[in-house]
Amino acid sequence: MIKFLLNQELRVETEIDPNLTVLQYLRNLVRKTGTKEGCASGDCGACTVVIGEPDGERMRYRTLNSCLTFVAALDGKQLITVEGLQDEGVLHQVQQSMVDCHGSQCGFCTPGFIMSMFALYKNESQADRHKIEEALAGNLCRCTGYRPIVEAAEQMYTNAMADKFDRLQGQTLQQLGEIQPQQTAELKGAGRVSFSPTTLDELAALYEQHPAARLLAGGTDLALEVTQFHRELPTLIYLGQVAELKQIHEFDDRIEFGAAAPLSDCAPYLSREYPSFGQLLQRFASLQIRNQGTLGGNIGNASPIGDAPPALIALNAEVVLRKGSKRRILALKDYFIDYKVTARQESEFIEKIIVPKASAHGVVRFYKVSKRLDDDISAVLGAFNLTLQQGIVTEARIAFGGMAAIPKRARACEQVLLGHPLDEATLTRARQALSQDFTPISDFRASKEYRLLVAQNLLTRYALEITTPELATQVTAHV
Ligand SMILES: Cc1cc2nc3c(=O)[nH]c(=O)nc-3n(C[C@H](O)[C@H](O)[C@H](O)COP(=O)(O)OP(=O)(O)OC[C@H]3O[C@@H](n4cnc5c(N)ncnc54)[C@H](O)[C@@H]3O)c2cc1C
Ligand code: FES
Ligand code: FES
């Protein structure tokens, strides 16, 4: 059974297919068809909804792609759809701005844009162009053009005033307080089952009882198995209700990220410590996906083109794995074994990710190369972390994504660099060593020749950036 608020209405679902997405639930079961289906794969934003959750005394609002969210994730939350914004027949100021600025033509993308703008409006008392673009980067419009939409997002702040959500905040918090899950919830339907444990111990025990179950964190990878590949996921264990798995703890020498902490919660910590990680995360999918997707899921998915693993390997991050009551700590570089094969054993899950804090001498840079700047998967990702003392490389950690079947360290390249200055002769040998480290493949993202050349050029770029910081190596302003 799950309980949640659909806009302001309490819904109790006792039997429902756990493979059903929130989008399918809205459109097919409760006939709220304002939320649109475009791609059903997280790319277009037409299905964007907002999830409201208690955050202390206030409500916190986040956008999600409803096409990638299974219904179990709604338990204890408020699901806000475009139908829920108007107040007794009067448009919300976000909607009114869209009308005033002529931000809609065919209208198919409009509900998704409105929901992204609404979340921005609720979370920020003012938003500059950068914030607006960040909030809207996961929404595509194929007919209006983005100028009027961005103008609408700017204009919504000019008439900012308390809205119905402010008025009803106390009541909403109270209603959500009454339906917070206190113990493992079970959702059954269509012969499938989903468990939502609320503690680590419950999760560990459930996974031992159901070793074939699929772990569901944000679902931004897993849901595609159902929506794109038409597979069944008969048993799911949802991690999003386990409070310990969503916590982030900062220590003097490290930060520990609960495996189910959404990427948008991890981002401020990672970017404070490593600004280059912040830049990388800004280019990780869209805000909707970062609100939903997790660091643990990015590792658990074991994709050779995941963005966080090479960066984390270059930082010498570790994962804490748990099976039953036993925990073990593994360097992330040893977690990936072969294509989609990891060191994770049956019924073992990633509990947390330990990221060392920046050292005084290390120079860390991550470079993502993809066809589009926003919302695109890497062709190659280079992660560099060298320590130089008196101009000599004394420590080297270099890892790449997109260059092998797994995210992998460039050992031969590191060996060439160690003990040498970053001069042209060393760089020439280090570039050559990358071809011993990697035999990339060609696919629709890039050819093998391009991948190798890009990896070599990223090494040169990194060396230039640290030896000649005044040299311009990237476009920093929009043209
Ligand atoms: C449109 C779109 C754009 C994307 N763009 C990017 C991008 O730019 N860069 C990028 O790297 N990725 C991208 N992704 C992929 C995806 O968003 C990320 O991999 C994300 O981090 C997955 O996290 P999740 O919580 O949604 O994982 P889920 O889908 O919930 O899980 C992914 C896998 O990991 C397993 N898993 C989850 N948590 C754990 C755990 N604690 N222990 C063990 N196993 C676990 C699951 O069982 C599953 O097999 C994109 C996806 C989409 C749909
Ligand atoms: S339908 Fe396109 S992102 Fe969900
Ligand atoms: S208004 Fe037609 S797709 Fe945006």
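This is a predicted model: local features need pLDDT of at least 70, side-chain atom pairs count only at pLDDT 80 or more; totals for chains, interfaces and linings use all residues.
Local features need pLDDT of at least 70, side-chain atom pairs count only at pLDDT 80 or more, and totals for chains, interfaces and linings use all residues. Residues are numbered from 1 along each chain as its sequence is written, chains are lettered from A and ligands numbered from 1 in the order in which they are written, and side-chain values use heavy atoms, with hydrogens and water left out.

UniProt, in an unreviewed entry, lists residues 187–360 as "domain: FAD-binding PCMH-type". UniProt positions follow the numbering used here, feature names are shortened, and annotations may be inferred rather than shown by experiment. Over residues 187–360 the chain is 33% helix and 28% strand. The end C-alpha atoms of this segment are 50 Å apart. Helices (H or I, at least four residues) and strands (E, at least two) are DSSP runs, numbered from the N terminus.

Ligand 1 is surrounded by 35 residues, each with a heavy atom within 4 Å of the molecule. The closest are L215, T220, D221, T294 and D307. Polar contacts are pairs of N or O atoms within 3.5 Å; within protein, one must be able to donate a hydrogen and the other to accept it, and residues adjacent in sequence count only if both atoms are side-chain atoms. A polar backbone atom of L215 lies 2.6 Å from an oxygen atom of ligand 1. The side chain of T294 places an N or O atom 2.7 Å from a ligand oxygen. For a polar backbone atom of N301, the distance to an oxygen of ligand 1 is 3.3 Å. On its own, ligand 1 has 990 Å² of accessible area, of which the protein covers 95%. Accessible areas come from the Shrake-Rupley method with a 1.4 Å probe; for residues, only the protein chains shown count as cover. The shell divides into 14 nonpolar, 12 polar and 9 charged residues. Here Ala, Val, Leu, Ile, Met, Phe, Trp, Tyr, Cys and Pro count as nonpolar, Asp, Glu, Lys and Arg as charged, and the others, Gly among them, as polar.

Helix α7 (residues 169–178) has Q169, T172, L173 and L176 as its buried residues. Seen down the helix axis, these fall within an arc of 100 degrees, so they line one face of α7. The arc is that of the directions from the axis to the C-beta atoms. Q174 and E178 are exposed on the other side. Buried means under 20% relative accessible area, exposed over 50%, and partly exposed in between (1.4 Å probe, protein chains only).

E465 lies in helix α18 (residues 448–467). This glutamate is buried, at 9% relative accessible area. Its side chain makes polar contacts with the side chains of Y367 at 2.7 Å and T473 at 2.5 Å. T69 sits in the loop between β4 (58–65) and β5 (78–80). T69 is also buried, with a relative accessible area of 5%. The T69 side chain reaches the backbone oxygen of N65 at 2.9 Å.

Two non-glycine residues have positive phi. S347, with phi near 65 degrees, is found in the loop between β15 (341–342) and β16. It is buried, at 3% relative accessible area. Q390 has a phi of about 45 degrees. Its loop runs between β18 (380–389) and β19 (392–401). Q390 is exposed, at 81% relative accessibility.
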